[in-house]
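Subject: A structure for you to look through

Hi,

Here is the structure I promised to pass on. Please open it beside this email and follow along as you read.

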Amino acid sequence: MVMKLFDSELHIMEILWKEGDTPAKRIAEITKEKVGWSKTTTYTIIKRCLDKGAIERREPNFVCHALVTREQAQEHETTELINKMYDGAPDRLIASLLGQKRLSAEEISRLKRLIDSME
Amino acid sequence: MSLLQMSISASVFILAVMFMRSLLLHKLPKMTFILLWGVALMQLLVPVSVQSPFSIFMAAEHLNKMVSAPKLISSPAPESSTFMDGTMVIMPPKPPITEHVTAPMTPLKTASQISPFVWVWLVGFALCALFFIIPHFRYRKIYKMAVPIRNDFITKWQQSNVLWRDVQIRQLDHISTPLTYGIFRPVVLLPKNLDYDEESQLALILTHELTHIKRFDTLKKWILAAGVCVHWFNPFVWVMYILANRDIELFCDEAVIRKFGENTKPAYARALVRLEEKKIGMSPMISGFSKNPIEERIISIMKTKKITIATTLLAIGLAACVVVVFATSAHNKTETAASVDNPTAEIVPALYQGALTTEIVPVLSQGAALTDLMPHDLTFNKKYDVPKLIDSLMASKYRAVYMDNEIYLRVLRDNTVQISKDSGAVWKTYDTDEVDAKEFAKWLLINDPIPGYSMKDVQSRLANGAEVKHLVFENVKEMYFIIDGSGVQIELIQPEKISSVLIDGQRMMITSAISAQMLKSFYDLLVSSNILSETHARQDYTDRIEYLEKKLPNFLVTK
C-alpha cells in the first residue's frame, strides 16, 4: 500500500518512525520547536493523518501510532494545488471566477514567443 | 450621502480610470493607477466608515427612497408632520375623515417599506464578506502547515533584507506559486516544486514578495475586498476590484525590475511563465474577462521603462485631471443631492423630539426650512409661568384664544366660538357641529396628532364626558374643540402649516416662524379681551421674545 502524504504530514510521520508511538501532546512540543507550528496546527495535521489512515489514535493520552511505514509513504505531488484559486489575499478567488485560468501549452509557448519578440 | 449616491459617483470615477488605464497602462508609472484606485476606494468607503451603523442604515434608506419612492421625498413634510404635530394637525387638502385614518400612518409604513432594501443590502454584504472570509480562514489553516526551508541562499538573502516586521520564509507543498500572507507577521510561502538552485529566479521571487510586504499589499487587497462587500450591487466596483488587484501586482513587478535593472525584464517574464507552466492539473476555468492577466503582466514587465521627468509630469497631470474632473464633480453632485435628501433624514429625529418631549425642544437648525412652522409647546416651560397665564385665561370670559395670519379666534365661557377676520375689530359668532366624543376619541387614536404625553389625558377627558365641537372654515381648515369642566382644548387641522399662536385651557402653543409682530398682536388681543393687564402682557411678551430668541435658533423674529 502506498500513501501520498504532504510534507506537513510527513513531518509528523517522521517523528513516529523515529521515536515510535508518541502522545499527540509530545508531537506538538516537538513540532513547535523544530518546525514552528502552533499546537492547533499540529493537531490539525494529526487529524488529517488520522483521516487518511496513516496513523491510529490509541488511548489513553491520545497516543499516535504509525500505520504506514517509511517505505509506503510517498511525497504528495503538487497536483491538488490550492493557490490556483487563492493566494493569501482575497483577489485570486475573484480572479479565478473571472478568467484566471490555467494556461494551455499553446498559450505558454505563445507567451514565450511574446517575450522573445519584445526582448 | 447615501450609499447609492456614493456608489454612483464613484462609478463615474472608476469608469474614467478604466478608460485611462486601457489607453495608458504601459505608458505611465504604475503608481498612477494605484493612487487613482485609492481615490476611488476613498469615494466608496470613507463617508460610510466614518459614520455610525445607523448612518449606513440611513444611507441604505436613502438608496431605497431613490429607488422606490420619489414621491415621498418630494413631500415628506406634510406627511410626517401629520403624525408628529401637537396642535397643528396638517392634512392634505379636503381630507374626508376616512382618509385621515391612513394618512398619518404613512411615516410608519415608509419605515417598514425601507427595511426590505436594507435587508437585501445587509444580506448581500454578509454573503459577500463570508465569501471572502471563509476561504481565507480555511486556507490560512493550510498555510500554517508550511515547513521551514533549509537553503543557504534564502538564509543569506533574508539576512540582507531585514524589515521591522519579522518575515518568515517557509515552504508548502500544497501551493504552486509563491505567495505571501499575514499583514503584521508576514510569511512568504514558496512552493515545493520551485527550482531552489536557480538563485537569480529565487532572488526575483523573494524581492517580489518582499515588495508586497513592504507596501502592505495584502492590507490593500483586503480594503479593496471591503469596498466590494459594501458595494456588492455595483458591477463597476467589482471591475475595479479585479483591475486594482492586477495593478498592485504590476506595480510590484515594476519595483522588482527597477531594483534589478532593465536587463532582468526577459528573465523575470520567463520566470512568470515558468511558474504558470507548473500549475498542472488545474481544472480549466471559464475564460473571459478581458485580456489574460498573465499576458497583460508580461507585456507590462517587458515595457517597463525608466521613469523620466516627462512621464512623471504626464502621470501627475493626467491623474490630477481625472481626479478633479471625475472625483470632485461627482463629489459636488453628491453634495447637492445630499442637500435635497438631508431634510428628510435630519428632520425625522427633530420631529420626533418635538413630539415626544414635554419641554420646548430647540429644533435642530439644519432642518430650519421644514421646522419653521413646528408648533412649540410652551406650557411645560416652568420658567415662564404659562400655568399662571392659563389661570388668567380661566379667570376671564374666555376659554381659549387662537391667532394665525387669517383669523383671530376666541372661545367664550359658554363655549361659543367668536372669530374675527379683521384683527379683532369685528367679532362674529360661528356655529359649530357636535361631534360624538367616542367617535372622535377613536379618530384621534388612529390619527394620533397629539404627542404621547397628552393623548392619555385627552382620551380620559373624552371618556369622562368631554364635549367635542367641530368647525370647518371656508379654506378647509378645521377645528375640533374638546370641552369639559377643566377648559377647552383646540385641535387644528389645516391643509398647510401657517404661523399661529394658541392658548387654551391646557397649553400655550406657538409656531417657531411666527413674527414678533404677530406675537405682539396676540398679547394685544389678550389685553383687549381682558385676559391680561397691559403691564402683565408687556412683561410676558418681553420674556417670551427673549426666551425664543435665545433658545430657538431658527425662531424667525421679524420686527
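Let's start with chain B, whose secondary structure comes to 20 helices and 16 strands. Helices and strands here are DSSP runs numbered from the N terminus, with helices being H or I runs of at least four residues and strands being E runs of at least two. Before you go further, please note that this is a predicted model, in which local features need pLDDT of at least 70 and side-chain atom pairs count only at pLDDT 80 or more, while totals for chains, interfaces and linings use all residues. Residues are numbered from 1 along each chain as its sequence is written, and chains are lettered from A and ligands numbered from 1 in the order in which they are written.

**The two chains**

Chain B has 559 residues, and 39% of them are buried. A residue counts as buried if 20 or more other C-beta atoms lie within 10 Å of its own, as exposed if 12 or fewer do, and as partly exposed in between, with C-beta atoms placed from the backbone. Taking the contacts in chain B between residues at least 6 apart in sequence, 65% join residues at least 24 apart. Two residues are in contact if their C-beta atoms, placed from the backbone, lie within 7 Å.

Chain A has 5 helices and 5 strands. Read from the N terminus, its elements run β-α-β-α-α-β-β-β-α-α. Of its 119 residues, 36% are buried. For contacts in chain A between residues at least 6 apart in sequence, 53% join residues at least 24 apart.

**Nonpolar cores**

In soluble globular proteins, nonpolar side chains tend to be buried together. The largest nonpolar core in this model has 83 residues. Such a core is a set of buried Ala, Val, Leu, Ile, Met, Phe, Trp, Tyr and Cys residues joined through C-beta atoms within 7 Å. The residues with the most contacts inside the largest core are Trp37(B), Ala40(B), Tyr143(B), Leu189(B), Met240(B) and Tyr268(B). Helix H11(B) gives the most to this core, with 13 residues. There is also a second, separate core of 40 residues, which includes Ile482(B), Leu502(B), Ile503(B) and Ala513(B).

**Helix H13(B) and two helices that meet it**

The axes of H11 (residues 235-260) and H13 (residues 293-302), both of chain B, come within 10 Å and cross at roughly 30°. Axes are lines fitted to C-alpha atoms, for helices over the stretch in contact, and angles run from 0 to 180 degrees between N-to-C directions. That angle makes H11(B) roughly parallel to H13(B). The cut-offs are under 35 degrees for roughly parallel, over 145 for roughly antiparallel and 65 to 115 for roughly perpendicular, with the rest oblique.

On the H11(B) side, the contact is made by Arg246(B), Glu249(B), Leu250(B), Asp253(B) and Ile257(B), and on the H13(B) side by Pro293(B), Glu296(B), Arg297(B), Ser300(B) and Ile301(B). These residues divide into 4 nonpolar, 1 polar and 5 charged. In this count Ala, Val, Leu, Ile, Met, Phe, Trp, Tyr, Cys and Pro are nonpolar, Asp, Glu, Lys and Arg are charged, and the others, Gly among them, are polar.

What does chain A bring to H13(B)? Helix H5 (residues 105-118) of chain A has an axis that comes within 10 Å of the H13(B) axis and crosses it at roughly 15°. H5(A) and H13(B) are therefore roughly parallel to each other. Leu111(A), Leu114(A), Ile115(A) and Met118(A) of H5(A) make the contact with Ile294(B), Glu295(B), Ile298(B) and Met302(B) of H13(B). By class, this contact has 7 nonpolar, no polar and 1 charged residues.

**Some backbone details**

Most residues other than glycine have a negative phi, and most peptide bonds are trans. In chain A, the peptide bond from Glu59(A) to Pro60(A) is cis, with omega near 0°. Pro60(A) is in the loop between strand S3 (55-58) and strand S4 (63-66) of chain A.

Asn61(A) is found in the loop between S3 and S4 too. This residue has a positive phi of about 70° although it is not a glycine. Asn61(A) is exposed, with 10 other C-beta atoms within 10 Å.
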